[in-house]
Amino acid sequence: MTTATAELLTVPEVMARLKLGRSTVYDLIRSRRLTSITVGRARRVPVDAVREFISREIGEAA
């Protein structure tokens with residue numbers, strides 16, 4: 001795996017990292033709470049976007 005592909009996660013990988021269901025991940029993407037890009041027909045989420053989402057959620061919970 002190259003560095004470029006290692007920095008982009010598939011939806012199932014995001015689901016595993018966040019321990020959320022598929023529809024919840026897509027809801028987060030749709031509501032723009034989780035940044036993603038489309039490559040062809042594939043949806044990819046940058047690793048940094050997942051980290052930012054977690055930090056933002058922790059900050060709001062505090």
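Trainee: What do β2 and β3 form, and which residue in the turn has a positive phi?
Mentor: Strands β2 and β3 form a hairpin with two residues between them, and G40 in the turn has a positive phi of about 65°. Strands here are DSSP runs of E with at least two residues, helices are runs of H or I with at least four, and both are numbered from the N terminus. This is a predicted model, in which local features need pLDDT of at least 70 and side-chain atom pairs count only at pLDDT 80 or more, while totals for chains, interfaces and linings use all residues. Residues are numbered from 1 along each chain as its sequence is written, and side-chain values use heavy atoms, with hydrogens and water left out.

Trainee: How many bridges hold the pairing of β2 and β3?
Mentor: Strand β2 (residues 37-39) pairs with β3 over three bridges in the antiparallel sense, where pairing requires that DSSP finds at least two bridges between the strands. In this pairing, V39 stands opposite A42 in β3.

Trainee: And what order do the strands of the sheet have?
Mentor: The sheet is open and has three strands in the order β1-β3-β2, with antiparallel pairing. Because β1 and β2 stand at the edges, each with a single partner strand, one side of each is left without a neighbour in the sheet.

Trainee: Which residues of β3 face L8 and L9?
Mentor: L9 has V45 as its bridge partner in β3, and L8 stands opposite P46. These belong to the antiparallel pairing of β1 (residues 8-9) with β3 (residues 42-46), which runs over two bridges.

Trainee: Changing topic, is S36 buried or exposed?
Mentor: S36 counts as buried because its relative accessibility is 18%, given that buried means under 20% relative accessible area, exposed over 50% and partly exposed in between, with a 1.4 Å probe and protein chains only. S36 lies in the loop between α3 (22-30) and β2.

Trainee: What is S36 in contact with?
Mentor: Leaving aside neighbours within four places in sequence, S36 is in contact (heavy atoms within 4.5 Å) with I29, R43, R44, V45 and P46.

Trainee: Now for α4, which residues are buried there?
Mentor: In α4, the buried residues are V47, A49, V50 and F53. They cover an arc of only 165° around the axis, which puts them on the same side of α4, the arc being that of the directions from the helix axis to the C-beta atoms.

Trainee: What about the face turned away from the buried side?
Mentor: That face of α4 carries the exposed residues R51, S55 and I58.
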